[in-house]
Amino acid sequence: MKSRPPRSAIVIGSGISGAAAAYFLARRGVDVEVLEAAAPAAAATGAADGAVSVASKRPGPMMEAALRGIRLYRELAGEGLFADLFKLRSTFIVASSEQEAQVLHAHADALASTGVHTERLSRAETARRFPVLSPNTEMAVEVHGEGHAIGYRIVHRLLTAAGMTVRRDEPVRRLLVSGGRAEGVETSRGILKADAVILAAGSGSAHLLGLRDTFAPRKGQLLVTERAPQLNAAMPGAIMSGRYLLSKGSQKTADAGKPARGIGLVIDPLTTGQFLIGGTREDTDNHRTNDLDAVSRILADAVALVPGLAEVRLLRSFAGVRTAVVDGLPLIGRLPGLENTYVTTGFEGDGICLGPVAAKAVVELACDEEPSIDLAAFDPARFAGIEVAA
Ligand SMILES: Cc1cc2nc3c(=O)[nH]c(=O)nc-3n(C[C@H](O)[C@H](O)[C@H](O)COP(=O)(O)OP(=O)(O)OC[C@H]3O[C@@H](n4cnc5c(N)ncnc54)[C@H](O)[C@@H]3O)c2cc1C
């Protein structure tokens, strides 16, 4: 396909999706303006864990896209852009009971069937490879070739590399639509025109797309510990509890009057020597609070898996909200009826992994290039009700 980039573009939102879109547009010589309701990485991107991972995925379009997502991180690390930001490491999914071991065996088969490099470790092999794990660990599956990246650092790097100054505190109110295309946008400060518009506004996308009941908030609470270099160095990768696989599905429970909540444990040893420990999945958009019940349950689960964590102090807790789409798939592609307008949003708990590759794909579409991931399953046109706020 012959490449025809637009001369100018507006990107709405400066989370990882918007920052990556701006970067890939700038790399093609497009004149870009990034409009942001608050500040770069102010929403989900600044409150995420950061697993760049397929470990919890099932075969299908999300798995395919996540594999591409990891490959892109590796490429950008190889080029130098993410060299110091992308930490390559394995994920060890561990089973603490017979029931979890059964789920894990089936999951390992599914991962291996898509070509993901996995290794099953018996109880003894797990103890040898990962000595800080609890002796109650039944077995583990090592998923090779994965990584970790801190979302706000990636955003900063992408915007800096693109030479981009974000227009902060300038929310977009509506798209200016005429003759089957967006001519520009109306913001809190006035009107801005461009040849193409990329909507990467996370939960703010719902209003601009005129979509009701299509997105759902999923709060997550996370913890960060102090530095514990020895324990950290003894961990050859991240730990994911076998229960995490269940929590991503239907294992949520709700106490009377409270939103449904699931807890699935992930412990990531950070390059700083600290640990990032998460997290919850809760059906609410309240990102302002952490509660003692969630924090104490996450800590108890973490210490049960890695007893040495009992000696490590908790430094802080925080919460963020993932933007989920009701059918479990993000919206990535051209907006129906608008030839120059694209959306990339709705990544739930996968946007650090998928954000850059999805943004690259919509930029490729906008520039008449072949998108580097198959976008069929993510086509926004599957929601007939899309009616942009125009
Ligand atoms: C607790 C937690 C843990 C997570 N863990 C992981 C993980 O381990 N791995 C992983 O891959 N992903 C993870 N995620 C998911 C990931 O953080 C998100 O999917 C990703 O950050 C989404 O990025 P985004 O740029 O699409 O949206 P956001 O980061 O939400 O950014 C959207 C931006 O648009 C702005 N905006 C909104 N409306 C407007 C408007 N009208 N005009 C202008 N700007 C607007 C917002 O202010 C915001 O800055 C986690 C998320 C949470 C909350």
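Ile16, Ala19, Ala20 and Tyr23 of helix α1 are in contact with Ile154, Val155, Leu158, Leu159 and Ala161 of helix α5, contact meaning heavy atoms within 4.5 Å. By class, this contact has nine nonpolar, no polar and no charged residues; Ala, Val, Leu, Ile, Met, Phe, Trp, Tyr, Cys and Pro count as nonpolar, Asp, Glu, Lys and Arg as charged, and the others, Gly among them, as polar. The model is a predicted one, in which local features need pLDDT of at least 70 and side-chain atom pairs count only at pLDDT 80 or more, while totals for chains, interfaces and linings use all residues. Residues are numbered from 1 along each chain as its sequence is written, and side-chain values use heavy atoms, with hydrogens and water left out.

Helix α5 covers residues 151-161, and its axis lies 8 Å from that of α1 at an angle of about 25°. Axes are lines fitted to C-alpha atoms, for helices over the stretch in contact, and angles run from 0 to 180 degrees between N-to-C directions. Helices (H or I, at least four residues) and strands (E, at least two) are DSSP runs, numbered from the N terminus. The helices α1 and α5 are therefore roughly parallel to each other, given that angles under 35 degrees count as roughly parallel, over 145 as roughly antiparallel, 65 to 115 as roughly perpendicular and the rest as oblique. Their crossing is left-handed, that is, the near helix is turned anticlockwise from the far one by less than a right angle, clockwise being right-handed.

Helix α1 (residues 16-27) also packs with helix α2 (residues 61-79), at an angle of about 55° and with the axes 15 Å apart. This pair is therefore oblique, and α1 passes α2 in a left-handed crossing. On the α1 side the contact is made by Ile16, Phe24 and Arg27, and on the α2 side by Leu72, Tyr73, Leu76 and Glu79. This contact has five nonpolar, no polar and two charged residues.

Thr187 lies in strand β8 (residues 181-187). Its relative accessibility is 3%, so Thr187 counts as buried (buried means under 20% relative accessible area, exposed over 50%, partly exposed in between, with a 1.4 Å probe and protein chains only). Leaving aside neighbours within four places in sequence, Thr187 is in contact with Leu35, Glu170, Pro171, Val172 and Arg173. A polar atom of the Thr187 side chain lies 2.9 Å from the backbone nitrogen of Arg189.

Thr272 is placed in the loop between β13 (261-269) and β14 (275-282). At 33% relative accessibility, Thr272 counts as partly exposed. The C-alpha atoms of Thr272 and Arg227 are separated by 6.8 Å, the two residues being 45 residues apart along the chain.

Technical notes: A polar contact is a pair of N or O atoms within 3.5 Å; within protein, one must be able to donate a hydrogen and the other to accept it, and residues adjacent in sequence count only if both atoms are side-chain atoms.
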